[in-house]
Amino acid sequence: MSWETVIGLETHVQLRTKSKMFCGCSTAFGAPPNTQVCPICLGLPGALPSANGAAIGLAVRGALALGCTVHPRSIFARKNYFYPDLPKGYQISQFDQPLATNGTLAFNSPERGSVNATIVRLHLEEDAGKSIHDRFAKGTAVDLNRAGVPLIEIVGGPDLRSPAEARAYLLTLKQLLEYLGISDCDMEKGSLRVDANVSVRRAGESSLNTRTEVKNINSFAFVEKALTVERDRQIALVESGGSVTQQTMLYDAKENGVRPQRSKEESHDYRYFPEPDLPPLVLSPEFVAEQQGELPELPAQKRERFVASYGLSREHATVIASTRAVADYFETVAKTSAEPQAAANWVMTEALADAKDHDDQLRVSPAALSQIIGLVKGGTLSNQAAKRVFAEVAAKSGDPRSVAESLGLIQVADANVVTGWVTDVLGAHAPEVGRYRKGETKLMAFFVGQVMRASKGKADPKLAQRVLEEKLASPSPS
Amino acid sequence: MSDAKAVADRLVKAKRLNALLTPPKDLRKSLLAQAAAARPTGVLYGMPVAVKDNICTLEFTTTCGSKILEGYQSPYEATAITKLKAAGALIAGKTNCDEFAMGSSTEYSAYGRVVHPLDKTRVPGGSSGGSAALVAAGVVPAALGSETGGSVRQPAAFCGVVGIKPTYGRVSRYGLVAFGSSLDQIGVFGRSVHDAARVLSVISGRDPRDATCEDRDPLRLPTVPESLQGFVIGLPREYFPPELDPAVRRACDRAIRMMKELGAAVREVSLPHTPYAVPTYYVIAPAEASSNLARYDGVRYGPRFDGNTDLRGLYRATRGQGFGPEVRRRILVGTYVLSAGYYDAYYRRAQQMRALIAQDFRNVFDRGVDLLFTPTVPSPAFKAGEKLSDPIAMYMSDIFTVTANLAGLPAISLPIGRVKGLPIGGQLIGQAFLEDEMLEAAYALERVVPATDDA
């Protein structure tokens, strides 16, 4: 009997603002505990919230990029529960009238190809503080620096059919948000958090079965693992005659297992009601249009444009367009070098490989890479030499031509010098010369390679081939 | 400045009222320091203003009359306080009140009840009873209180002073400890309409720190009018029920006659949803309170009771022992009406009713009525202890005042007579942000009404 998994993700994304959602405190990560706080985010008696316009703008951009309907009027609501890291005893969020609803996220499923996942809603809220349970032997410590940091919650529909698909969805969402510049999306720093609703059903069924909510997925690497563990648990449970209970499961990365949250920790009645301290959030059409105008070209649009106007392969265009910094880098190099294909090849190979080893930094400036491409095109550098120049510029920076000169990599196009190397190579490989002359012309590549080797990469390969062809066409050297 | 010393002496002498929560020594020291630092150019230069203990001050602790905030020193001050100080006023101590402003008699303070200045067996009203008593006893010319359902006007009526509740959004709530956020406003007591009005004018106006405070200039004080010619004053029949105390009725009739003599046109009107106002109020205010008071959990500030147990134990002990019975009652009611399954039946319906009550007022004002005149409270000050065992009877004390809070309208109570030595208050309810018109009528009425004569 085959099973189908049904997954919907709820993603919390920290907005990239300088100050908190309802006060002027800094949102910078990593400050000493309880140093970025004020009467408002501490929830002191008498303090009142004022909404941060910058956060609202970023949230609207996120909603627009996801194709949501942005509501001209939405309502902040209080979500009430007791916890030491929740200073007011309630979180200001949005409930029955959220900022935006009904969007889609198109992503590439490893199993089903292109999928349009539903975005049910997107709303604004404030973060809670952080409870630190393992720092002091005799109790829990609370750090309220994070309390009041602006978040959006993006609720996806139950449209994902496997853990791998959930991962692809999340990756696409993360790329989109990074593109928009509205969040750092760093799961390790908690600026992107995801909870998953998971259920299973027999293949072919269309109804939704009882689901569980998987929490505590703290790293991108765990998304697929956690969901697989929970899916397998549910299938095993049902196959052995049991049934799934609606509950919250906590993922334990060390054990790669899930355990139910203690009932004490859950089943809140949040007693939502409209936040009386904040008037309805009213967005003028002008404000929304302004945010629309701030939207950059999104990955999918960019990919299509790269294919159409630069003739990139779909594969290259997809990789390059998926990260805004890489896409911008490529486009600058493509334009300044006027060699888009070469630019794409360089980005896909040397540039991304170097970035991968260096904290995602593109260390060679677009101008330098354009120059390198120009030097190859003009015959001054061989491809091989160019790669060495690239590595050198990446490590030490500097002008590519000077670097090439100081490394002695400038290509030699002097026919006399090249003829000297050719003569040496043919002299050293008499058997191959014989075979070539008997018709094994594919050995030409071998000879060119040997000339390049003899010249330490400096010979102009085209010139070398011409000289080789001349020499090999004439009868045995006399 | 000798005044500061004299004020301090008077405040200490009024000790028998139990109206002040600030220790005399602290008060003297602070008043002298404040007087030395006060701006001589301010419009309230040197004027001592006592402040209800649910408004945050840097000078004194802010306990809200509760054990759960015993000794709590706010690290910031309310916008209203900043404005008062900028105008040269002196913050003349913190006044006793019902715990978290929940009550109508100032008997629900963790620091003991406030005594009525004219009859020690009676209550001064509440919840701002301490502020009302100090003004009535002539200790200070004006004081700040707060209103959620009548907590300024009702004690003003009981004590025979003027009490103003401004339009919701007229005065910043920043630094007013929240009870029912959609109803709360800082209000003012004065010995005269003018004293109260000039303090109100100073504390009013925009404040970016309160998103519900309107972006308006401070209130401009009207001049005292010669007559009430051109004023149309409505008398809502629901506010003059058959069971109204006869003396209150007589005092009202006299005031109405005098307003007519001043040239006002008086017209009977109807606000048909008035009977639902108290029940509506006692759903919405506790609902908001249950959430507003969630922060008092012993984790971050205030005393912590029985802190050695687990988290739930800490919450239970701190909130169980830190809050008094009325606060606990309202938190329970509020939690209940917001609970899943009950929200629609209570909270949502109360909001719908609130809208109807506000619409009642708009209907009347749209038909040419400028102001409404009503009794402030159905009876004079009651005896201490009389209504403690009957919360509903206590709640009915707010029957004529809660409507202005539900509708967000400005209202003023002023003394219009006495019965057996006890003051009776008359109320004018105005249109939103038209405090100036309301104050004009109050000035005119105040000038002619024999406020201390039996009705």
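Biologist: Why does Arg271(A) count as buried?

Modeller: Arg271(A) has 25 C-beta neighbours inside 10 Å. A residue is called buried if 20 or more other C-beta atoms lie within 10 Å of its own, so with 25 of them Arg271(A) counts as buried. Please keep in mind that this is a predicted model.

Biologist: What about Asn256(A): how do you know whether it is buried or exposed?

Modeller: We count again. Asn256(A) has 12 other C-beta atoms within 10 Å. The word exposed applies at 12 or fewer, so Asn256(A), with its 12, is exposed. Asn256(A) also has a positive phi, about 45°, without being a glycine. Its place is the loop between β13 (248-252) and β14 (257-260) of chain A.

Biologist: What makes β4 (residues 76-80) and β15 of chain A a pair?

Modeller: The number of bridges. Two strands pair if at least two bridges are found between them. β4(A) and β15(A) are joined over two bridges, in the antiparallel sense, so they meet the rule of at least two. As an example of bridge partners, Arg78(A) has Phe273(A) in β15(A).

Biologist: And why are β5 and β15 of chain A called edge strands?

Modeller: β5 (90-94) and β15 of chain A each pair on one side only. The open sheet has three strands in the order β5-β4-β15 (chain A), with antiparallel pairing. Strands of a sheet pair through backbone hydrogen bonds.

Biologist: Let us turn to chain B. How do you know that its radius of gyration agrees with that of a compact globule?

Modeller: We set one value beside the other. A compact globule of 455 residues would have a radius of gyration near 23 Å, and chain B has 21 Å, which agrees. The C-alpha atoms of chain B fill a box of roughly 70 × 60 × 45 Å along the principal axes. Buried residues make up 62% of the 455 residues in chain B. In secondary structure, chain B has 14 helices and 10 strands.

Biologist: Which strands of chain B does β4(B) pair with?

Modeller: Three bridges join β4(B) to β5 (residues 185-190) of chain B, antiparallel. Three bridges also link β4(B) with β9 (residues 411-419) of chain B, again in the antiparallel sense. Gly163(B) takes part in both: its bridge partner in β5(B) is Phe189(B), and in β9(B) Gly163(B) stands opposite Ser413(B). From β4 (residues 162-165) of chain B, Val162(B) and Ile164(B) point one way, Gly163(B) and Lys165(B) the other way, and all are buried.

Biologist: Is the peptide bond from Gly126(B) to Ser127(B) cis or trans?

Modeller: That peptide bond is cis, with omega near 10°. Most peptide bonds are trans. Ser127(B) lies in the loop between β2 (90-95) and α4 (129-136) of chain B.

Biologist: Finally, how many residues does each chain give to the contact?

Modeller: Chain A gives 24 residues and chain B gives 34 residues. On the side of chain A that touches chain B there are 14 nonpolar, five polar and five charged residues.

Methods:
Residues are numbered from 1 along each chain as its sequence is written. Chains are lettered from A and ligands numbered from 1 in the order in which they are written. This is a predicted model: local features need pLDDT of at least 70, side-chain atom pairs count only at pLDDT 80 or more; totals for chains, interfaces and linings use all residues. Two residues are in contact if their C-beta atoms, placed from the backbone, lie within 7 Å. Ala, Val, Leu, Ile, Met, Phe, Trp, Tyr, Cys and Pro count as nonpolar, Asp, Glu, Lys and Arg as charged, and the others, Gly among them, as polar. Helices (H or I, at least four residues) and strands (E, at least two) are DSSP runs, numbered from the N terminus. The radius of gyration is taken over C-alpha atoms; the globule rule is 2.2 Å times the number of residues to the power 0.38.
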